Amino acid sequence: MTLTLRPDARGIARAAGILRRGGLVAFPTETVYGLGGDARSDRAVARIFQAKGRPRFNPLIVHLPDLAAAEAAAVFDDRARRLAAAFWPGPLTLVLPLRPAAGLSPLVTAGLPSVAIRVPAHPAALALLRAFGGPLAAPSANPSGRVSPTRAAHVLAGLAGRIDAVLDAGPCAVGVESTILSLDGPACILRQGGLPQEALEACLGEPLATATAAATGAGDRPVAPGQLASHYATAAALRLNAAEVRPGEVWIGFGPGTGDAGLNLSPGGDMVEAAANLFHLLREADSRAGAGGIAVAPVPERGLGRAINDRLRRAAAPRPAAQARPATGER
Ligand code: TXA
Ligand code: MG
């Protein structure tokens, strides 16, 4: 049984109690819904991996309520402090040297000497973190490899019965996961996300490198360890940069004059709106699509468009056989 809780004082208190007992609570952030568990508890963190069906123990992001709590878990340098002051709370995750005394479960960091940390900009997430009083490990609250959830109903569609509760605070405003920046050495973007690369570069005053990992098949795209080329997968095949819709396809447009007959990420061509709509429209198109698949209009590769295109490319990537077609109702 998975409880649906309201993000009021009573719901937050119940959610915090579940977390203190080692349970799992999905909660809203400004990016996507996260699947939260006590980041200090091996058992709770192991349950996160189990509930998601993650194939490997990838490191998870640790969520904290403020910079002071973050500084107790990781070592901040001047760059990290400047970015935290500019963008926290917000859709930025920093990878920093871990403070071993922080007491985080080694499962959270996958045994690495670094830790990924963020302060989410969502009142319900911050209220939950304060009521719980500790660090929350939280990957996106979806079965591994599937489309990330931006509404409580998405969480339940994938994880009902496998987690204790979901805090329902409506749709997420940003709609794509946080940008991950490693400062464990030279600054380097590991994942494009809800904070545009351009904003980070303006704050740091230097152009940023993006990490690549040929081993994942991700080509020259940024990748954090454990990010698979095929991810965010829809059941239906996805055709990107489509100039027009073909017979039998479900169309996802972007901008004016596209997708009048189908779905549209943003009729006005607004990138913020497109990011917020992305995962919901992928799910909607997937539920309508048959053998003809889904066609998506081009999205410019700038600002939030980088994160949108990254998610679309991963959703369209060839996938491992076991992931090829989910069982009916899996999502
Ligand atoms: O917006 C978000 O970031 C959402 C919400 C719930 O906060 N969370 C999220 O978490 O996307 P998750 O677990 O799906 O993504 C974690 C990513 C993984 O790609 C992982 O490889 C990377 O962060 N990561 C975690 N720790 C790391 C570390 N020490 N070094 C490098 N990458 C790390
Ligand atoms: Mg995820």
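Mentor: Start with a term. A helix here is a DSSP run of H or I at least four residues long, numbered from the N terminus. The model is predicted.

Trainee: Which residues of α7 are buried?

Mentor: Helix α7 spans residues 152–159, and its buried residues are Ala-152, His-154, Val-155, Gly-158 and Leu-159. Viewed down the axis of α7, these fall within an arc of 155°, so they line one face of the helix. The general idea is that an α-helix has 3.6 residues a turn, so residues three or four places apart point the same way.

Trainee: What do the buried residues of α7 pack against?

Mentor: They pack against the strands β2 (25–27), β3 (34–38) and β8 (165–167), and against the helices α2 (42–52) and α9 (271–288).

Trainee: Let me try α4. Which of its residues are buried, and which residues are on the face turned away?

Mentor: In α4, residues 78–87, the buried ones are Ala-80, Leu-83, Ala-84 and Phe-87. Their arc around the axis is only 100°, which puts them on the same side of α4. The face turned away from that buried side carries the exposed residues Asp-78 and Ala-85.

Trainee: Where is Pro-89, and what kind of peptide bond joins Trp-88 to Pro-89?

Mentor: Pro-89 lies in the loop between α4 and β5. The bond between Trp-88 and Pro-89 is cis, with omega at about -5°.

Trainee: Which residues does Trp-88 touch?

Mentor: Leaving out residues up to four places away in sequence, Trp-88 touches Leu-67, Ala-70, Phe-76, Leu-83, Leu-94, Ile-117, Arg-118 and Val-119. A second core, of 33 residues, is separate and includes Val-147, Leu-238, Val-299 and Leu-304. As for the largest nonpolar core, it has 64 residues, and those touching the most other members are Leu-35, Phe-76, Leu-83, Trp-88, Leu-92, Leu-94 and Leu-181.

Trainee: On to sheets. What is the strand order in the sheet of 11 strands?

Mentor: The order is β1-β8-β2-β3-β7-β4-β6-β5-β9-β10-β11; the sheet is open and its pairing is mixed. At the edges are β1 (3–5) and β11 (209–210), each of which pairs on one side only.

Trainee: How does β10 pair with β9, and how with β11?

Mentor: With β9 the pairing is antiparallel, over 3 bridges, and Leu-181 has Ile-189 of β10 as its bridge partner. In the hairpin of β9 and β10, 5 residues stand between the strands, and among them Gly-185 has a positive phi near 120°. With β11, strand β10 (residues 188–191) runs parallel and is joined by 2 bridges. Cys-188 is bridged to Ala-209 of β11, and Ile-189 to Thr-210 of β11. β10, α8 and β11 together make a right-handed β-α-β unit.

Trainee: Which loop holds Asn-241, and what is its phi?

Mentor: Asn-241 sits in the loop between β12 and β13. Its phi is near 50°, positive in a residue other than glycine. With 54% relative accessibility, Asn-241 counts as exposed. Ala-110 likewise is not a glycine and has a positive phi, about 55°. Ala-110 is in the loop between α5 (106–109) and β6 (114–118), and at 36% it counts as partly exposed.

Key:
Residues numbered from 1 in each chain as written. Chains lettered and ligands numbered in written order. Predicted model: local features only at pLDDT ≥ 70, side-chain atom pairs only at ≥ 80, totals over all residues. Heavy atoms only, no water. Core = buried A, V, L, I, M, F, W, Y, C linked by side-chain atoms within 4.5 Å. Buried < 20%, exposed > 50% of the residue type's maximum accessible area, 1.4 Å probe, protein only. Contact = heavy atoms within 4.5 Å. Pairing = 2+ DSSP bridges. Arc of directions from axis to C-beta. Right-handed = clockwise from strand over helix to strand, strands pointing away.
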